[in-house]
Amino acid sequence: MNGNQEVFRRIEKKYIVDEPTYEKLIKKLDGHFVRDRYYKSTICNIYYDTPSHQLVRSSIEKPVYKEKLRVRSYGVPNDEDMVFVELKKKYKGVVYKRRVEMTLAQSRDFFAGRDIPHRNPQIENELKYFLKFYENIAPAMYLSYDRLAYCGAEDPSLRLTFDTHILYREEQKELDKGIWGKELLPAGVRVMEIKIPNAMPLWLSAILDELEIYPASFSKYGTAYLNEFSEKIHKGKVISCA
């Protein structure tokens with residue numbers, strides 16, 4: 001991960017792997033991947049959405065084009081720590097991510113419509129347009145996870161990540177409120193992502209086929225939202241209007 005990179009274009013493939021499969025895969029990948037500079041981290045996110053959860057509901061329907069807005073930190077930040085405000089778009093399987101770095105305190109000012117010192121005016125203007133387009137958009141969910149990150153030994157643009165201990169909550173949707181929430185997946189289950197600029201290397205496809213690891217349509221925010229929605233229905237907190 002390049003901490004200073006602001007614009008990304010890549011193809012992202014997700015997989016769900018259990019612990020035995022993970023152990024076999026890591027052995028097979030030895031020599032092909034090396035630990036990333038930021039090998040081990042805890043990533044914390046606040047996902048933004050409309051009051052009707054328009055963004056996540058649209059994403060769940062798997063449209064050709066979808067977009068999301070989040071604020072990301074590495075660990076629990078204080079007001080002076082840097083965070084990333086990220087706009088992520090996906091079109092026909094290709095992911096485009098644009099982000100700008102600012103302090104946590106500046107991010108609050110930014111979302112409140114107050115001026116902040118410019119770091120990338122173009123991306124900041126895109127974010128402002130997004131906020132204006134989706135009226136009343138606001139923090140909708142906190143989501144964090146522990147990540148192990150690798151990059152290709154010969155091609156550093158090839159990236160591989162494993163996420164575990166995925167936690168989510170709909171209350172106290174602020175990054176500085178600590179790492180806690182409901183577990184999204186059973187213990188020992190990892191979300192694996194392969195991030196590539198173009199086509200997947202043949203040797204990597206062969207390893208995945210050998211271990212019978214197949215792509216899975218999975219969204220952390222989408223799954224967490226559905227879990228919460230199902231729980232509210234079960235408790236009778238959701239009213240359906242004919």
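# A guided look at strands, a helix and salt bridges

Strands, like helices, are runs assigned by DSSP and numbered from the N terminus (H or I over at least four residues for helices, E over at least two for strands). The model is predicted, so local features need pLDDT of at least 70 and side-chain atom pairs count only at pLDDT 80 or more, while totals for chains, interfaces and linings use all residues. Residues are numbered from 1 along each chain as its sequence is written, and side-chain values use heavy atoms, with hydrogens and water left out.

Is T161 buried or exposed? T161 counts as buried because its relative accessibility is 0%. The word buried stands for under 20% relative accessible area, exposed for over 50%, and partly exposed for in between (1.4 Å probe, protein chains only). Leaving aside neighbours within four places in sequence, T161 is in contact with R147, L148, A149, V191, M192, E193 and K195; contact means heavy atoms within 4.5 Å.

## Helix α6

Next comes helix α6, residues 220-234. Its 15 residues should span 21 Å at 1.5 Å a residue, and the end C-alpha atoms are 21 Å apart, which agrees. The expected span is 1.5 Å times one less than the number of residues. The N-terminal end of α6 is capped by S219, where a side-chain oxygen lies 2.9 Å from the backbone nitrogen of G222. After the helix comes G236, with a positive phi near 75 degrees.

Which residues of α6 are buried? They are K220, Y221, G222, A224, Y225 and E228. An α-helix has 3.6 residues a turn, so residues three or four places apart point the same way. The cover over the buried residues of α6 includes β2 (33-49), α2 (54-60), β6 (138-152), β7, β8 (182-183) and β9 (190-196).

## Salt bridges

How many salt bridges does a search of the whole structure find? The search finds 19, each being a side-chain nitrogen of Lys or Arg within 4 Å of a carboxyl oxygen of Asp or Glu. Three of them are set out here.

| Pair | N to O distance |
|---|---|
| R99 and E86 | 3.4 Å |
| R98 and E126 | 2.9 Å |
| K182 and E228 | 2.7 Å |

The side chains of R99 and E86 meet in a salt bridge. This pair links distant parts of the chain, with R99 in strand β5 and E86 in strand β4 (residues 82-91), 13 residues apart. R99 is buried at 1% relative accessibility, and E86 is buried with a relative accessible area of 1%.

R98 and E126 also form a salt bridge. R98 lies in strand β5 and E126 in helix α4 (residues 121-133), so the pair ties together parts that are 28 residues apart in sequence. E126 counts as partly exposed at 24% relative accessibility.

K182 is in strand β8 and E228 in helix α6, 46 residues apart, so to speak of the pair is to speak of distant parts of the chain being linked. K182 is partly exposed, with a relative accessible area of 33%, whereas E228 is buried at 8%. Salt bridges that share partners also join R70, E86, K97 and R99 into one network.

## Around K66

Finally, K66 is found in strand β3, residues 65-74. At 26% relative accessibility, K66 counts as partly exposed. K66 and Y91 are 25 residues apart in sequence but 6.8 Å apart in space, C-alpha to C-alpha.

Methods: Polar contact = N/O pair within 3.5 Å; in protein donor to acceptor, adjacent residues only side chain to side chain.
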